[in-house]
Amino acid sequence: MRYEFKLPDLAEGMVEGELVGWLVAVGDKVKAEQPVAEVMTDKATVVIPSPVAGAILELPWQPGDIVKIGQALMIFDADGAAPAQRTHAGHVDPNATPSPSPSPSPTPSPPPTPSPTPTPTPTSPPSPAPVPRGTRALAAPATRRLARELGIDIGHIVGTGPGGRVTPEDLQAKAVPSTLAAPAASTSFQSPAPAARVQVPTWSPSARDRGTIAESEERQKLRGLRRAIFETMGRSKRTAAHFTYVDEVDCENLYTAREKLAKAVEPKGVRITYLAFIAKAMLCALPRFPKMNASVDDDKQEVVLKKHVHLGIAAATEPGLVVPVIRHADRMSLLDLAWHIQDLGERAKTNKLRPDELKGSTITITSLGKLGGLMATPIINHPEVAIVGIHAMQKRAVVLDDDRIVARRRMNLSLSFDHRLIDGHEGAAFAQAVKTYLEDPELMLLETV
């Protein structure tokens, strides 16, 4: 039975996905739930399992193609075997051995005249066979970019990943021998004698012929996660009326509390970071500022007040920024938050987040860690209305009430709000509430989970 498997809706708001690579080939027999393809949504790369058991008839897309939801991703024969003489792209293989067909009995013919045995000549070792014309090596976009940077034709690389996929390790293995062999002298080129060195003239405006200087550029399609970030950030800036409030936080008490608790929970295998404290301080302040945990339905001109808190934690990955979500974060203890932040962060870096873990946030925290700088203007994670930006903690000279100048740990917070819903004094009050909990972390103990 011919069965068309259409690309499903893998993420909230998804309309299309980029095919990263196939994990199977035409003619393969697969089981139900067996991984068959990798597709990049606007949030993460997702492994697609087979919906049925059977043989693969057609793979109509190539890696890098954009497939819309509802389009046929692949075609199965759910009852029998697929034609054996099809290539990966679904075309008939011209090099396949034809099936035998009935023919008349052959007539006797004289034996062939033996030809002289040719004298063997030395031959060079065969070069690796390139990928057939019209096909494309299986590789993720990041791997293709690495190949371009290393100057390697990825079509000549034999992939060791799933389904013959080329991995960064394959490229490094190809690049290292070339790099090591570079200093060796070639029999085709001779180094010039010292007397033959060319003297480079001193630069002068008249000596520079701009017409002889080659200019080059490279154009790359906006695809996958980067295209999603491009569209989401642009929509947020065009739609929300951003304003940013910045305040400085004294972190001496926070530093002491974190050092003490980090040692206490170390046997549990959980790292309590400053981010966990900041998340908890924000969650403690939210009940007094319900509009911060809301969204705007622009089409219906309505404010949607959320009765739950799904906390987004922006995380930097190689393809781009993603926002894993801690669901019902307002019900969690400091230790629970620390564990979820650690778990989601580690899986984000290895591209192992599920699609449902990347949608539904109601308010977001973003941090650049040690690269946090002094201040920034975070872009709101649309359709949310508030985002909290964290900056680097560092020792600064502070003037105390008695005019003494001392060194204290300080940190800036940059909070952006949608001014269409949140007025300036409301944003400032929320920032001050978060600051109060961070400067005196013991106050968080008074809040219920």
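Buried, as used here, means under 20% relative accessible area, exposed means over 50%, and partly exposed lies in between (1.4 Å probe, protein chains only).

A word on the basis. The model is predicted, so local features need pLDDT of at least 70 and side-chain atom pairs count only at pLDDT 80 or more, while totals for chains, interfaces and linings use all residues. Residues are numbered from 1 along each chain as its sequence is written, and side-chain values use heavy atoms, with hydrogens and water left out.

**The chain as a whole**

The protein chain has seven helices and 19 strands; helices (H or I, at least four residues) and strands (E, at least two) are DSSP runs, numbered from the N terminus. Of its 449 residues, 39% count as buried. Take contacts (heavy atoms within 4.5 Å) between residues at least 6 apart in sequence: 62% of them join residues at least 24 apart.

**Back to alanine 240**

Alanine 240 sits in the loop between α3 (224-239) and β9. Leaving aside residues up to four places away in sequence, alanine 240 touches Ile380, Asp418 and Arg420.

**Aromatic pairs**

How many aromatic pairs does a search of the whole structure find? The search turns up three. Rings of Phe, Tyr and Trp (its six-membered ring) pair if their centres lie within 6.5 Å; planes under 30 degrees apart are stacked, over 60 edge-to-face, and the rest tilted.

One of them joins tyrosine 3 and phenylalanine 76, a tilted pair with 6.3 Å centre to centre and 50° between the planes. Tyrosine 3 belongs to strand β1 (residues 2-6) and phenylalanine 76 to strand β8 (residues 72-77), so the pair ties together parts 73 residues apart in sequence. Tyrosine 3 is partly exposed at 29% relative accessible area, whereas phenylalanine 76 is buried at 0%.

Another is phenylalanine 243 with phenylalanine 417, also tilted, at 5.3 Å centre to centre and 35° between the planes. This pair links distant parts of the chain, 174 residues apart: phenylalanine 243 is in strand β9 (residues 242-250) and phenylalanine 417 in strand β19 (residues 405-418). Phenylalanine 243 is buried at 15% relative accessible area, and phenylalanine 417 is buried at 1%.

Now for the helix packing. Axes are lines fitted to C-alpha atoms, for helices over the stretch in contact, and angles run from 0 to 180 degrees between N-to-C directions.

| Helix pair | Axis distance | Angle |
|---|---|---|
| α5 (residues 274-285) and α6 (residues 334-349) | within 9 Å | roughly 125° |
| α5 and α7 (residues 424-439) | 8 Å | about 130° |

Its angle makes α5 oblique to α6, and α5 and α7 are likewise oblique to each other. For reference, under 35 degrees is roughly parallel, over 145 roughly antiparallel, 65 to 115 roughly perpendicular and the rest oblique.

Which residues of α5 and α6 make their contact? Leu275, Ala276, Phe277, Ala279, Lys280 and Leu283 of α5 meet Leu334, Leu337, Ala338 and Ile341 of α6. By class, that contact has nine nonpolar, no polar and one charged residues. Ala, Val, Leu, Ile, Met, Phe, Trp, Tyr, Cys and Pro count as nonpolar, Asp, Glu, Lys and Arg as charged, and the others, Gly among them, as polar.

With α7, the contact is made by Phe277, Ile278, Ala281, Met282, Cys284 and Ala285 of α5 and Phe430, Ala433, Val434, Tyr437 and Leu438 of α7. This contact has 11 nonpolar, no polar and no charged residues.
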